[in-house]
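Hi,

Here is the structure I promised to pass on. Have a look at it first, and my notes on what turned up follow below.

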Amino acid sequence: MVTKKLLAEQVINLLNKGIINKDSNITIRQAMAVVGEVRNRLIKQELWERYSNFGSFDVPESILSEYTVETEYNKERDFWFLTLPVGVLSLNHDLGIYNVSTACDSAYPFIRLPSSFKSMYRDLPSSALEGRKGYIARGRELRLQGVSECVKVDLALVVDGVDLSPSEDFKFIAERQNELIGMSVDILKYQIGMQDTNENNNER
């Protein structure tokens, strides 16, 4: 299994010409941060290319992380909601939250609604969404429409690379893994160069 930590170690290995040691200018934490950021950049580029070339909004399964969460009820404000377990990558067309559905009704996923939905369609027939369920995204909270009880909800998300843990499966496009490593090495080389330049200036 490929993990963020494993890729970061490969990056440090290349920077140190095959020798990982405690005296490295770059820590494993720094390398993982860069790997996560480069992953985000390449995923955005990949999805943009798919849309530009094929008009496709499909997201490759290889970059999707799946979770199951239970809905919660806000008694004071009278609405059902769920909390995303991780940070989601900000993508065009809201593709970061790729799918929200219940196991018993997976053929009809929740519809993403605008934040103004409640005020615009209150008391109108359209507020019922013709029987479909919907959600309004507010940060990590999804406020649910058409849910009136505690249910388990299945999520398919494009997780922000920063939020991927060091040891979990690194969701990415396998064909672009070498590109990710190369870009990470280049960024860290630049950071090392800037650090050396600043140290030299301070010694003068």
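Let's start where helix α1 meets helix α2. On the α1 side, the residues that make the contact are Lys-4, Lys-5, Leu-7, Ala-8, Glu-9, Val-11 and Ile-12. Across from them, α2 puts in Ile-28, Ala-31, Met-32, Val-35 and Gly-36. Sorted by class, that contact has eight nonpolar, one polar and three charged residues. One thing to keep in mind throughout: this is a predicted model.

As for the geometry, two packed helices are described by the angle between their axes and the distance between the axes. Here α1 covers residues 4-15 and α2 covers residues 28-54. Their axes come within 8 Å and cross at roughly 110°. An angle of 65 to 115 degrees counts as roughly perpendicular, so that is how α1 and α2 sit relative to each other.

Now for the chain as a whole. It has four helices and eight strands, and along the sequence they follow the pattern α-α-β-β-β-β-β-α-β-β-β-α. Of the 204 residues in the chain, 37% are buried. If you take the contacts between residues at least 6 apart in sequence, 72% of them join residues at least 24 apart.

Next, the rings. The structure holds five aromatic pairs, and I'll go through two of them. A pair of aromatic rings is described by the distance of the centres and the angle of the planes. Trp-48 and Tyr-51 form a tilted pair, at 5.9 Å centre to centre with 40° between the planes. These two are three residues apart in helix α2, so about one helical turn separates Trp-48 from Tyr-51. Tyr-51 has a relative accessibility of 32%, so it counts as partly exposed. The other pair is Tyr-73 with Trp-80, also tilted, at 5.0 Å centre to centre and 40° between the planes. Buried or partly exposed: which applies to Tyr-73, and which to Trp-80? Tyr-73 is partly exposed, with a relative accessible area of 36%, whereas Trp-80 counts as buried at 17%.

Trp-48 and Tyr-51 come up again in a cluster, where ring pairs link them with Phe-57. There is also a charge sitting over a ring: Arg-39 lies over the face of Phe-170, at 5.8 Å from the ring centre.

A few single residues are worth a click in your viewer.

Val-100 is in strand β4, which runs over residues 97-102. It has a relative accessible area of 2%, and since buried means under 20%, Val-100 is buried. What does Val-100 contact, leaving aside its neighbours within four places in sequence? The list is Pro-109, Phe-110, Tyr-135, Leu-142, Val-153, Asp-154 and Leu-155.

Pro-85 is in the loop between β3 and β4, and is partly exposed with a relative accessible area of 37%. Setting aside neighbours within four places in sequence, Pro-85 is in contact with Tyr-67, Val-69, Arg-140, Leu-155 and Leu-157.

Asp-78 is another non-glycine residue with a positive phi, near 60°. Where does Asp-78 lie? Look in the loop between β2 (72-74) and β3 (79-83). Asp-78 is exposed, with a relative accessible area of 56%.

Last stop is Gln-177, in helix α4, which spans residues 177-203. At 23% relative accessibility, Gln-177 counts as partly exposed. Apart from neighbours within four places in sequence, Gln-177 is in contact with Val-2, Leu-7 and Phe-172. Leu-7 is also one of the α1 residues that meet α2. Gln-177 and Leu-42 are 135 residues apart along the chain, and 9.7 Å separates their C-alpha atoms.

Cheers

Terms used: Residues numbered from 1 in each chain as written. Predicted model: local features only at pLDDT ≥ 70, side-chain atom pairs only at ≥ 80, totals over all residues. Heavy atoms only, no water. Axes fitted to C-alpha atoms, helices over the stretch in contact; angles between N-to-C directions. Parallel < 35°, antiparallel > 145°, perpendicular 65-115°, else oblique. Contact = heavy atoms within 4.5 Å. Nonpolar A, V, L, I, M, F, W, Y, C, P; charged D, E, K, R; others polar. Phe/Tyr/Trp six-rings, centres within 6.5 Å; stacked < 30°, edge-to-face > 60°. Buried < 20%, exposed > 50% of the residue type's maximum accessible area, 1.4 Å probe, protein only. Lys NZ or Arg CZ within 6 Å of the ring centre and 35° of its normal.
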